Amino acid sequence: MGAGPRRPCRVRRPGQAGTGSGGRVHTFAGGELDRAAHLRTDESRIRDLHDSPQSRYLAFRALDPLVSFDTTARLVWLPRAALDGLVDIGADALFLGLGRDGARFAVPVPDTVGPEELGPDESEFVGVREVAPLVEPQDASILALGRSLSIWHAEHGFCPRCGHATSIAEAGHARACSAESCGKSQFPRTDPVVIMLIHRGGRCLLGRSVRAVPYPPGLHSCLAGYVEPGESIEEAVRRETWEEAGLRVSEVRYHSSQPWPFPSTLMIGCFAEALGGEPRIDPAELECVRWFDREELRTAVERWEEADALRLPPPITIAHQLARAWLEDEEPAA
Ligand SMILES: [Zn+2]
């Protein structure tokens with residue numbers, strides 16, 4: 001990040017309110033915008049919303065949103081006039097939904113645009129992962145939607161069927177192939193990932209991935225992996241636990257889920273009890289895996305920022321919240 005405006009150090013604690021399964025709403029969930037999907041195909045209504053004085057735009061530069069740090073961290077919602085000459089609103093704005101006082105759009109801006117050209121003095125383009133714990137929970141959800149949509153558009157410029165160029169359609173919720181003979185539409189995808197806290201006899205299983213870079217000393221997390229085609233959530237939990245740690249599990253219990261906009265996955269949090277035996281790692285997946293008792297985990301949850309023998313991912317992650325839920329005996333009943 002480097003030098004910049006002084007940031008407030010208040011960090012919101014995720015997972016403490018809401019009505020999701022397990023009583024938790026994770027960071028990046030809990031959005032309050034009305035996504036108003038019926039408007040996306042209504043081109044004249046979307047044009048009217050582009051021009052409406054109530055509409056506001058959130059600028060993303062290289063996937064980083066414009067955030068103000070004047071009193072507290074908050075998203076900078078720009079009027080259309082602020083983007084004149086920088087962005088083709090009609091072609092590039094992504095409709096996020098309807099807020100209490102008007103429509104909300106995400107809009108990519110060129111890498112050459114500085115925050116001082118757009119926002120108030122104390123504003124910056126900041127990484128979503130960094131700013132999510134600082135803003136209101138409903139705004140973190142907007143960041144997730146805006147970032148995932150933005151990267152999807154950036155990476156889907158060509159038709160997967162015929163190779164011709166594609167363009168934004170449905171107010172940013174689809175891309176259409178330019179070849180008349182093809183006409184294929186693509187839609188933003190979300191990839192399901194199971195993430196599971198495996199436990200047995202008052203201990204839980206955490207591992208160190210070989211793929212996460214950089215990986216601070218002591219950091220351990222829940223086992224996790226993509227759901228494969230033709231596979232249920234429960235089957236994915238069983239397969240990944242067997243492949244990564246060599247353990248069979250009994251019943252798989254769903255706890256809660258989290259959108260994770262890096263780039264666009266849905267983390268599906270589960271618990272499962274290991275049937276027995278000791279873990280053996282798949283060295284292609286994990287550097288190590290071992291059992292931790294409740295006291296070790298409690299210390300890690302309370303001192304997650306400190307380098308101890310066990311270090312957990314930060315509170316914005318579902319891995320951290322699953323560990324916390326297990327300590328609080330939140331595992332769903334069979
Ligand atoms: Zn095509």
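What arrangement do the 4 donor atoms around the zinc ion make? The arrangement is tetrahedral, because these atoms subtend angles of 96 to 115°. Welcome to a predicted model, in which local features need pLDDT of at least 70 and side-chain atom pairs count only at pLDDT 80 or more, while totals for chains, interfaces and linings use all residues. Residues are numbered from 1 along each chain as its sequence is written, and side-chain values use heavy atoms, with hydrogens and water left out.

**The zinc site**

- Four protein donors hold positions 2.3 to 2.4 Å from the zinc ion: Cys 159 (SG), Cys 162 (SG), Cys 177 (SG) and Cys 182 (SG).
- Donors here are N, O and S atoms within 2.8 Å of the metal (3.2 Å for Na, K and Ca); water is not among the atoms, so sites may look incomplete.
- Four donors count as tetrahedral if all angles lie between 85 and 135 degrees.
- Along the sequence, the donor residues follow the spacing C-x2-C-x14-C-x4-C.
- Cys 162 sits in the loop between helix H4 (137–154) and strand E8 (166–169), and Cys 177 in strand E9 (residues 174–177), so this pair ties together parts that are 15 residues apart in sequence.
- Helices (H or I, at least four residues) and strands (E, at least two) are DSSP runs, numbered from the N terminus.
- Cys 177 is buried, at a relative accessible area of 10%, whereas Cys 162 counts as partly exposed at 34%.
- Buried means under 20% relative accessible area, exposed over 50%, and partly exposed in between (1.4 Å probe, protein chains only).

**Domains and cores**

- The domain assignment gives the protein chain domain 1 (21–154) and domain 2 (191–327); such bounds come from an automatic or database domain assignment.
- The centres of domain 1 and domain 2, taken over C-alpha atoms, are 32 Å apart.
- Contact between the domains involves 14 residues of domain 1 and 16 residues of domain 2, where contact means heavy atoms within 4.5 Å.
- The largest nonpolar core has 46 residues, and Phe 28, Val 131, Leu 143, Leu 206 and Leu 297 have the most contacts inside it.
- Helix H7 (residues 318–327) gives the most to this core, with 7 residues.
- Each of domain 1 and domain 2 supplies at least three residues to this core.
- Another core, of 22 residues, lies apart from it, with Leu 39, Leu 78, Ile 89 and Val 113 among them.
- A nonpolar core is a set of buried Ala, Val, Leu, Ile, Met, Phe, Trp, Tyr and Cys residues joined through side-chain atoms within 4.5 Å.
- Not counting residues up to four places away in sequence, Leu 297 touches Cys 204, Leu 206, Leu 310, Leu 312, Ala 323, Trp 326 and Leu 327.

**Backbone details**

- Phe 28 has a positive phi of about 85° although it is not a glycine, and its place is in the segment before helix H1 (43–51).
- Phe 28 is also buried, with a relative accessible area of 2%.
- Ala 171, in the loop between E8 and E9, has a positive phi of about 55° although it is not a glycine.
- A cis peptide bond, with omega about 5°, joins Phe 262 and Pro 263.
- Pro 263 belongs to the loop between strand E14 (249–260) and strand E15 (265–274).

**Confidence**

- The protein chain averages a pLDDT of 90, and 91% of the residues score at least 70; pLDDT is the predictor's confidence in each residue, from 0 to 100.
- Residues 1–6 have a pLDDT below 50, and this stretch has 9 contacts in the model beyond near neighbours in sequence.

Technical notes
Tetrahedral: all angles 85-135°; square planar, octahedral: opposite > 155°, others 65-115°.
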